[in-house]
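Hi everyone, thanks for coming. Let's take a friendly walk through one chain together, so please have a look at the screen.

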Amino acid sequence: MPIDNQIEPPQSFMAVNITPGRDRPTAPQEVVLARYEHCEDMACVLTEHAQTLVFKDNFTESEVLTRCHQGLLDDASDFNEKESRWVIFRLAEMLGWEPPTFE
C-alpha cells in the first residue's frame, strides 16, 4: 500500500532505524515515518524551552542539551535511546549549538 505522505526522513533518522549490517529499516515505512514526525516535532517543541534555559536560567548550551536528553530518557517519555539522541542532535542543529558528545 503506497503512502501518500511527501515527507522523507533524513538519512540521519533512517540510521536510527537500521540494524548494523543491514540496509533496510527494522520497522515498516509507516512506523518509521510516524516516529520521525514525532521526533522532529519534539525537537521543535524543545527549541523555545532550551533557549529559555540558556538566557533566563543561565545554563550552558551543553547543560541544556544534557538536561533535555535526560528528560527524553525518562520512563514516561515515548522515545528510545537512539531516538532521544537524534532529537538532541536535531535540537542542537536547529539552535546552531555544538552537538553533544554521548559516551
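Here is something to start with: among contacts in the chain between residues at least 6 apart in sequence, what percentage join residues at least 24 apart? It is 57%, where a contact means heavy atoms within 4.5 Å.

A word on where this comes from. This is a predicted model, so local features need pLDDT of at least 70 and side-chain atom pairs count only at pLDDT 80 or more, while totals for chains, interfaces and linings use all residues. Residues are numbered from 1 along each chain as its sequence is written, and side-chain values use heavy atoms, with hydrogens and water left out.

How confident is the predictor? pLDDT is its confidence in each residue, from 0 to 100. The chain averages 89, and 94% of the residues score at least 70. Confidence is lowest in helix 1, with a mean of 91, and highest in helix 4, residues 81-95, with 96.

Now the overall picture. The chain has four helices and zero strands, in the order α-α-α-α. Helices (H or I, at least four residues) and strands (E, at least two) are DSSP runs, numbered from the N terminus. The C-alpha trace spans about 50 × 30 × 25 Å along its principal axes. Of the 103 residues, 32% are buried. Buried means under 20% relative accessible area, exposed over 50%, and partly exposed in between, with a 1.4 Å probe and protein chains only.

Let's visit two asparagines. Asparagine 17 sits in the loop between helix 1 (11-16) and helix 2 (29-55). Is asparagine 17 buried or exposed? Asparagine 17 counts as buried because its relative accessible area is 10%. Beyond its neighbours within four places in sequence, asparagine 17 is in contact with Arg24, Pro25, Thr26 and Val32. A polar atom of the side chain of asparagine 17 also lies 3.2 Å from the backbone oxygen of phenylalanine 13.

Next stop, asparagine 58, which is in the loop between helix 2 and helix 3 (61-73). Asparagine 58 counts as exposed because its relative accessible area is 62%. What is phi of asparagine 58 near? Phi is near 60°, a positive value in a residue other than glycine. For background, most residues other than glycine have a negative phi.

So, to recap the pair: asparagine 17 is buried, whereas asparagine 58 is exposed.

Technical notes. A polar contact is a pair of N or O atoms within 3.5 Å; within protein, one must be able to donate a hydrogen and the other to accept it, and residues adjacent in sequence count only if both atoms are side-chain atoms. pLDDT is the predictor's confidence in each residue, from 0 to 100.
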